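Please look over the structure below. A short report on its folds and contacts comes after it.

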Amino acid sequence: MGLAAGDVWWCVLVTAEVREEGPEVSFDVHGLNIDAESETEKICSFIEREVYAHYKRKGVVVGLSGGIDSALLACLCVRALGPSKVLGVILPERDSSPDSAKFAAEQAEALGIQYETVEITPILEVIGVYERRNAVIRELCPDFDPGADRMKIALPPDLLHSDALNVFSLIVDRAVGGRFSCRLKPAELHEIAAAQNIKQRTRMIHLYSFAERMHRIVGGTTNRTEMDQGFFVKHGDGAVDIEPLAHLYKTQVFQLARHLGVVENILKRTPSPDTWPGGVTDEEFYFRIPFDTLDQLLYAFNEGLDTIDVSKMLDLEVVQVERAYRDFQLKKSTTWHLRSLPPSLLDSDSEAG
Amino acid sequence: MANVRETLRSFVLESFPASSIVSRFDDRTSFLDTGIIDSTGVLELVSFLEEQFDITVEDSELVPENLDSIDNLVRYLGTKNVPHASP
């Protein structure tokens, strides 16, 4: 990592704001570059310390989704603790891409770790996840055929070029041809989200079941981009014992993953929630900006960098940076409760009586 | 017909209680900047507009310029020919 002479004043601007807890970055148009080996050692020390000294447990359980974050976490845990201390758990359901379980197994085998596969579709059916979600869709699209049509929900694309607010639309690609699309009303969105979130909460149940049986901890896979913007399920994939990736922006996850040799099939996958039959990317579903630009803007926002300066640095219009900043603040403030303990009166100034 | 501005104010105060504790809430106050309305609140606001004023809010109209304050809403409703929606 290095900066060109012309970037020196940027270096001064940025390094003054570098936080203690984040990795040292160089912020320029080429992305948020980190020293991969140094960062690896730091995270591995963290994992080892937390598992053995803090929790006093025997290893880690990692939910392997077939995505880059869980693959990276597994690599780091193996590097920190050794393969015998890491259990991978693959938890596919009806709407998961078939590639997910396949790639997750490939990663587990490449690392030489034990792994289990637990199909969660039956329990989701019993709870009524698919039925509840599909009932909402049929109200909006009466001809919807859940066995053949592919549905998803998504936000308006291209945040930087549009003032469009975060309003979800239902999109159904019909097996017989054509596409149905409509904006979701609040009650409809809440019903669909509540049903879908059961999937991640069910995965949490299984991960803790394995972990507790083995006296291990559950490793979290939420990265900083997701943590900051609230892109995880409360008490779902957000319910874990450690979050070793939470200080890394998504593009930094990719950097480390390449450094540690995550399998190629996972490295080249487009990030996706992998929970909608219609197939939707993380960008389409939530972030509305490609990850490389998103992370640069989010980093700038978190460091309090001026929008005019950032627009010059990233060759964007000021209004585009302002749109991104507004969206970041909105998502961050809406999801405050995902990053906090539940509010209570339990503090030194609020004794009862 | 009830004044459109009053109808909007009542809806915002009832549906988004944060508006009553913001230090200065007036017709120019940005809902999004002050946190009165969050991401899902926008959906509620749009549903209210469509039902209360019998209009269709097009996808292209879901922008802060139309929705992000009482003043903006009144101006927007005027463009949708809602009676008594005068600034």
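## The model

This is a predicted model, in which local features need pLDDT of at least 70, side-chain atom pairs count only at pLDDT 80 or more, and totals for chains, interfaces and linings use all residues. Residues are numbered from 1 along each chain as its sequence is written, while chains are lettered from A and ligands numbered from 1 in the order in which they are written.

Chain A has 14 helices and nine strands. Helices (H or I, at least four residues) and strands (E, at least two) are DSSP runs, numbered from the N terminus. Of the 353 residues in chain A, 41% are buried. A residue is buried if 20 or more other C-beta atoms lie within 10 Å of its own, exposed if 12 or fewer, and partly exposed in between; the C-beta atoms are placed from the backbone. Two residues are in contact if their C-beta atoms, placed from the backbone, lie within 7 Å. Among contacts in chain A with a separation of 6 or more, 71% join residues 24 or more positions apart.

## Nonpolar cores

A nonpolar core is a set of buried Ala, Val, Leu, Ile, Met, Phe, Trp, Tyr and Cys residues joined through C-beta atoms within 7 Å. The largest one has 60 residues. A:Leu72, A:Ala74 and A:Cys77 have the most contacts inside it. Helix 3 (residues 68–81) of chain A supplies the largest share of this core, ten residues.

Leaving aside neighbours within four places in sequence, A:Ala74 touches A:Val62, A:Leu64, A:Val86, A:Gly88, A:Gln107, A:Leu111 and A:Ile113. Another core, of 35 residues, lies apart from the largest one. Its members include A:Ile137, B:Leu32, B:Val46 and B:Ile70.

Helix 12 of chain A has twelve residues. From first C-alpha to last it reaches 16 Å, close to the expected 16 Å; the expected span is 1.5 Å times one less than the number of residues. Nine of its twelve residues are buried, so helix 12 of chain A is largely enclosed by the rest of the structure. Among the buried ones are A:Phe291, A:Asp295 and A:Gln296. A:Gly304 follows helix 12 of chain A and has a positive phi, near 70°.

The axes of helix 12 (residues 291–302) and helix 14 (residues 318–334) of chain A come within 10 Å and cross at roughly 70°. Axes are lines fitted to C-alpha atoms, for helices over the stretch in contact, and angles run from 0 to 180 degrees between N-to-C directions. The two helices are therefore roughly perpendicular (65 to 115 degrees; under 35 is roughly parallel, over 145 roughly antiparallel, the rest oblique). A:Leu297, A:Leu298 and A:Phe301 of helix 12 of chain A meet A:Val321, A:Ala324, A:Tyr325 and A:Phe328 of helix 14 of chain A.

## Two loop residues with positive phi

Most residues other than glycine have a negative phi. A:Lys56 has a positive phi, near 60°. A:Lys56 sits in the loop between helix 2 (36–54) and strand 3 (60–63) of chain A. With 9 other C-beta atoms within 10 Å, A:Lys56 is exposed.

A:His235 also has a positive phi, of about 60°. Its loop runs between helix 8 (224–229) and helix 9 (250–260) of chain A. A:His235 is exposed, with 11 C-beta neighbours inside 10 Å.

## Where the chains meet

On chain B, 14 residues are in contact with 14 residues of chain A. Helix 3 (39–53) and helix 4 (64–67) of chain B each give two or more residues to this side. Helix 3 of chain B gives the most, with six residues.
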